[in-house]
Amino acid sequence: MIVAEQKPIREIWEMVKDFNKVLVIGCKGCVTVCNVGGAKEVGVLASLLRIAANKNGKTMEVGEATLERQCDPEYIEEVKDIIGEYDAVVSIACGVGPQFLSERYPQSRIFPGLNTKFMGGAVEHGVWSERCAGCGTCVVHYFGGLCPIARCSKSLLNGPCGGSSGGKCEISKEVDCVWDLIVRKLMEQGRLDELRQFRPAKDWTTARDGGPRTMIREELAK
Amino acid sequence: MSEYKSGSNLEKVLKAGHFAFTGECGPPQGANVEKLREKAQHLKGMVDAVNVTDNQTAVVRMSSWAASLILLQEGLEPNFQMVCRDRNRLAIQSDILGVYSHGIRNMLCLSGDHQKFGNHPQAKNVYDIDSMQLIHAVKTMRDEGKFLNGEQIDVPPKLFIGAACNPFADPFEFRVYRLAKKIEAGADFIQTQCIYNMDKFREFMKRVVDMGLHEKCYILAGVTPMKSVGMARYMAKQVPGMDVPDSLIKRLQGAGKGKAAEEGIRFAIEQIEEFKEMEGIAGVHLMAIEWEHRVPEIAERAGMLPRPKV
């Protein structure tokens with residue numbers, strides 16, 4: 001899933017404090033699963049904005065809506081009858097949400113309520129970890145099913161570097177060295193020879209480096 | 001056709017079978033050319049080549065190629081270091097052509113410390129290619145006359161290719177294989193991380209020799225004299241992939257007040273003496289960090305002078 005975190009309430013308040021009617025829009029997709037952008041969080045953020053308004057001696061009407069998904073035009077339509085009533089909209093979806101809303105409702109002022117972090121998953125309750133960098137050419141099978149592009153701080157394809165220490169990355173003792181995991185796993189499986197092979201320079205054209213990406217499925221597009 | 005790959009002094013010294021001795025010089029955090037020239041003068045005649053670090057520990061300094069050119073002017077042979085952190089493959093290849101055109105003949109290929117360590121942690125990290133791929137690229141440019149995209153180079157750069165090896169990083173069991181991989185990718189010589197844990201290094205070298213890697217590549221053992229107990233403690237605790245045994249810290253402490261630096265130098269000299277005899281070791285890389293002025297003394301006491309002329 002796409003993992004996101006809420007922006008500090010102070011930052012969101014600064015964005016919308018001059019508006020009288022604000023609509024908070026959540027998303028039932030990834031951000032609901034990682035507990036930052038679902039119906040519950042829409043309610044909490046709306047309440048916080050009302051309290052902030054009160055504290056600052058102003059009245060702010062805060063509306064609430066949660067869409068099935070904010071990355072799909074079909075569901076973006078769900079707010080077409082109400083969005084015009086508001087001076088500002090705070091989207092608490094991933095970065096796709098505020099953009100789809102901005103594209104569909106060009107007259108509305110749309111603000112992002114979340115910081116989109118990465119593609120990953122929950123490794124324990126309340127802890128999410130990055131797993132995919134979206135490079136467009138998956139090669140995890142070369143590395144014991146673990147991705148060094150997303151999980152090595154230097155995206156090394158021929159690691160581990162000299163900074164790997166006690167299973168941790170040189171940048172922080174909180175960060176696992178994925179190359180340590182890769183080496184140990186393949187050694188245990190007796191597949192060390194695979195790691196002794198030179199991995200050539202990656203072709204990054206399929207990643208974001210090749211420019212903004214579009215995917216067209218001809219059979220679905222027509 | 002030359003009998004040498006690059007014709008650098010370091011290559012000639014190693015090929016002639018001499019025990020090589022390389023030094024290191026960190027460029028200034030500014031355009032202080034005089035300071036750089038002064039540091040260089042301490043190393044002149046003391047070493048076969050001088051590593052010029054590339055924004056080491058991710059702190060911005062005068063570029064390694066520019067500082068290398070200044071060393072050339074001073075009559076020293078630079079070992080130009082390049083990290084993959086700051087350049088994509090376009091910049092890497094053009095810098096290689098640039099340094100070669102100006103007379104640089106040695107190059108050390110590194111991944112580089114992550115920018116999080118340095119003084120611009122906000123920077124975007126590049127890592128378009130890794131150190132292994134960099135080694136391979138320099139070799140392909142030299143031996144096949146081709147860029148990374150396969151296109152022909154109009155006068156290929158002939159560089160003596162160096163790589164780093166840290167026997168003290170984890171997982172230990174894999175380190176010798178990674179070294180083998182670097183040699184296969186094209187490394188002509190290796191400079192190791194600073195060695196303090198001699199037991200572990202002996203074990204590592206045994207594996208290297210068992211695999212015959214020392215016959216395919218020149219291995220220079222990394223030595224950094226400890227200047228103080230504080231430095232030893234810092235290296236032990238704060239520098240990832242550094243292995244400083246407690247026994248060494250105790251030895252420095254035991255030397256008494258004001259004598260730790262001398263004890264550090266003594267330890268370094270003992271190490272060099274052992275490396276001269278150690279199977280598979282072709283030389284020593286002395287990284288006297290901000291201690292260039294002590295290099296002549298260390299070189300003299302370690303019996304490394306005079307340096308051979310090949």
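Domain bounds here come from an automatic or database domain assignment. For chain A that assignment gives domain 1 (2-118) and domain 2 (133-209). Taken over C-alpha atoms, the centres of domain 1 of chain A and domain 2 of chain A are 37 Å apart.

Before going further, a word on what you are looking at. This is a predicted model, in which local features need pLDDT of at least 70 and side-chain atom pairs count only at pLDDT 80 or more, while totals for chains, interfaces and linings use all residues. Residues are numbered from 1 along each chain as its sequence is written, and chains are lettered from A and ligands numbered from 1 in the order in which they are written. The model scores ipTM 0.95 and pTM 0.96. Chain B has an average pLDDT (the predictor's confidence in each residue, from 0 to 100) of 97, and 100% of its residues score at least 70.

## Where the chains meet

Two residues are in contact if their C-beta atoms, placed from the backbone, lie within 7 Å. On that basis, chain A brings 26 residues to the contact and chain B brings 28 residues. Helices and strands are named from DSSP runs (H or I of at least four residues for helices, E of at least two for strands), numbered from the N terminus. On the side of chain A that touches chain B, the elements that give two or more residues are helix H7 (178-188) and helix H8 (192-196) of chain A. H7(A) gives the largest share of that side, four residues.

By residue class, that side of chain A divides into 12 nonpolar, nine polar and five charged residues. Here Ala, Val, Leu, Ile, Met, Phe, Trp, Tyr, Cys and Pro count as nonpolar, Asp, Glu, Lys and Arg as charged, and the others, Gly among them, as polar.

## A helix with two sides

Let us turn to helix H7 of chain B (residues 198-210). The expected span of a helix is 1.5 Å times one less than its number of residues. For the 13 residues of H7(B) this comes to 18 Å, and the end C-alpha atoms are 18 Å apart, which agrees.

A residue is called buried if 20 or more other C-beta atoms lie within 10 Å of its own, exposed if 12 or fewer, and partly exposed in between, with C-beta atoms placed from the backbone. In H7(B), Phe201(B), Phe204(B), Met205(B) and Val208(B) are buried. Seen down the axis of H7(B), the buried residues fall within an arc of 100°, so they line one face of the helix; the arc is that of the directions from the helix axis to the C-beta atoms. These buried residues pack against helix H6 (172-185) and strand S7 (218-223) of chain B. Asp199(B) and Asp210(B), on the other side of H7(B), are exposed. After the helix comes Gly212(B), which has a positive phi near 75°.

## Two buried residues

Pro112(A) sits in strand S5 (residues 110-112) of chain A. Pro112(A) is buried because 21 other C-beta atoms lie within 10 Å. Beyond its neighbours within four places in sequence, Pro112(A) is in contact with Ser91(A), Gly95(A) and Pro98(A). The C-alpha atoms of Pro112(A) and Ile25(A) are separated by 10.0 Å, although these residues are 87 residues apart along the chain.

Ile129(B) belongs to the loop between strand S4 (106-110) and helix H5 (131-144) of chain B. With 27 other C-beta atoms within 10 Å, Ile129(B) is buried too. Not counting residues up to four places away in sequence, Ile129(B) touches Ala201(A), Cys84(B), Arg89(B), Leu134(B) and Ala137(B). Ile129(B) and Ser111(B) are 18 residues apart along the chain, with 8.6 Å between their C-alpha atoms.

## Backbone angles worth a look

Most residues other than glycine have a negative phi, and most peptide bonds are trans. The table collects some exceptions.

| Site | Feature | Angle |
|---|---|---|
| Asp170(B) and Pro171(B) | cis peptide bond | omega about -15° |
| Leu305(B) and Pro306(B) | cis peptide bond | omega about -5° |
| Asn35(A) | positive phi, not a glycine | phi near 60° |
| Glu290(B) | positive phi, not a glycine | phi about 50° |

Pro171(B) lies in the loop between strand S5 (160-165) and H6 of chain B, and Pro306(B) in the segment after helix H11 (295-301) of chain B. Asn35(A) is found in the loop between helix H2 (30-33) and helix H3 (39-55) of chain A; Asn35(A) counts as partly exposed, because it has 15 C-beta neighbours inside 10 Å. Glu290(B) lies in the loop between strand S8 (283-286) and H11 of chain B, and its 10 C-beta neighbours inside 10 Å make Glu290(B) exposed.
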